[in-house]
Amino acid sequence: MAPSVAIIGAGFGGLCMGIQLQKAGITSYTIFEKAGGVGGTWRANTYPGAACDVPSHLYSYSFEQRHDWTRRFPAQREILAYLEGCADKYGLRPHLRLNTEVTAAAFDESVNRWRLTTSDGGEELFDVVVSGVGQLNRPRLPDIPGVDAYEGTAFHSARWNHGHELTGRRVAVIGNGSSAAQIIPRVAPVVDHLDVYQRTPSWVIPKVNGEYGRSERLAFRYVPFLQAANRERIYRVIEGLVYPVLVGGWSRRMVTRRAQEHLRQQVGDPGLRAKLTPAYPIGCKRIVIDSDFYPALTRPNVELVTDPIARLVPKGVETADGVTREADTLIYATGFHTTDFLAPIEITGRAGRRLHEIWKDGAEAYLGVAVPHFPNLFLLYGPNTNLGHNSIILMIEAQVRYIMGCLPLLSARGPMEVRQAALDGWRRALDRAMARTVWQASCHSWYKNAAGRVTNNWPGPTTLYRRITRAPRPDAYRFG
Ligand code: NAP
């Protein structure tokens, strides 16, 4: 009999898992989703300008290619529609449990099954749990004094307040990562005044976007192999050009120069340019890929504030030099809690071992997928599987294929638990590869935990990760 599978999250990861189960004829699965619909991060992030900076033809499942993407880089709405379409096409809807947050999962050794507790107080048993909760789903508010004192309207980029009209307002944006870089160009033209509070400048490279014309879309549809060849070309170019940037390879200087040139071309004022010039190597933090960000900062109604924020006051933001800038609207583009993976779900494995206790010095998992003491628990987009250079969908598909390969093993031999020795070997290999990466340089990034360990990113090429996850090695696990 097929194992029963609980999937947590209905984003790219959870849906991919559901689709592959469905394709394999396994229908004994439930997808739990705390939101009211599918889409994960692409449902949550509805801020103006929300879009992906990985090309459409690559930022989609390999098995579900669309010929009719309207733009080279997809907007949030189009990605969400794509995922909704996948849920329909593959018959996932009857398996979705929406508005249902999993609050706890405990491995019950008396029956060798996982007991899931949900926010509605329900409890259910499953043979297997697959987490697809992502790394960027819990908004992080800045740790600055006075957050509660502020009297204007404040919201996080991933919790956009669409009921709040921005026209004619005095607005402050805190942060200048990928989210802020998309928000600022959309907000700046409509507001009266915009202050952008920058703690650290980002490296920015241009995004050469554009619409796919009718003829191009028809060609993708009807010319044999064109779509597949195009996807493969995009993949190879990104892998071949951007991955070396992260490990000090051939293209590091070239891409750095391109970013410097982009800044020079778009920002004429040397003072503003100096403020926007990073002092850390490119790639250490997530590179911002955008062509509209710098021009927005040069608008007369926009001020880039680089004095550190001292505190929020009821009417605005006070910086360390004692200046208060009034703002009736405050937008936190301050990122996410990225390093406390799977929080706040309480996960308990064999002998009462608590996942978050085991991970208190940094999350880690064999292949980013399996953790000792937690049999039949598998992670999608888990520790050390984020990318700094390519489409995360590639990693998710590799992980789903791997987990699908585990199902016959655990059905035949009983619950499978990765051996500590396998995880130790994985950690040693990761550490060796990580030492070569630019993420180790001195910059603050969401890839690192409080102790400075890079817990989020995969340090190798995606080709290697896809190869080593092609099929599970039974000797890495104990069964029963
Ligand atoms: P982020 O990259 O973590 O950026 C957060 C920003 O907030 C940083 O500029 C950070 O400054 C600033 N910040 C945080 N706390 C602060 C404080 N106390 N005072 C002042 N500034 C503070 O978050 P994000 O922009 O939401 O992006 C997260 C990730 O989502 C991206 O890296 C990317 O992987 C993904 N994403 C992708 C796209 C896309 O495809 N285009 C768009 C949006 C998001 P510091 O740098 O000094 O820490």
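What covers the buried residues of H3? The cover includes helix H1 (12–23) and helix H2 (41–44), where buried stands for under 20% relative accessible area, as against exposed at over 50% and partly exposed in between, with a 1.4 Å probe and protein chains only. Helices (H or I, at least four residues) and strands (E, at least two) are DSSP runs, numbered from the N terminus.

This is a predicted model, in which local features need pLDDT of at least 70 and side-chain atom pairs count only at pLDDT 80 or more, while totals for chains, interfaces and linings use all residues. Residues are numbered from 1 along each chain as its sequence is written, and side-chain values use heavy atoms, with hydrogens and water left out.

Helix H3 takes up residues 76–89, and its 14 residues should span 20 Å at 1.5 Å a residue, which agrees with the 20 Å between its end C-alpha atoms; the expected span is 1.5 Å times one less than the number of residues. The buried residues of H3 are Gln76, Glu78, Ile79, Leu80, Tyr82, Leu83, Cys86 and Ala87. An α-helix has 3.6 residues a turn, so residues three or four places apart point the same way. Just after H3, Gly91 takes a positive phi of about 70 degrees.

A search of the whole structure does find one disulfide, that is, a pair of cysteine sulfur atoms within 2.5 Å. Cys284 and Cys443 form this link, with their sulfur atoms 2.0 Å apart. The pair joins distant parts of the chain, 159 residues apart, with Cys284 in the loop between helix H8 (270–275) and strand E12 (288–289) and Cys443 in the loop between helix H12 (420–434) and helix H13 (462–468). Both cysteines are buried, and the link is left-handed, with -95 degrees about the S-S bond.

Among the strands, E4 (residues 102–108) runs antiparallel to E5 (residues 113–118), joined to it by six bridges; two strands pair if DSSP finds at least two bridges between them. Ala105 has Leu116 in E5 as its bridge partner, and in the hairpin, with four residues between the strands, Asn112 takes a positive phi near 55 degrees. E4 is also joined by three bridges to strand E18 (residues 346–348), which runs parallel to it, and there Ala106 stands opposite Thr348.

Definitions and conventions: Contact = heavy atoms within 4.5 Å.
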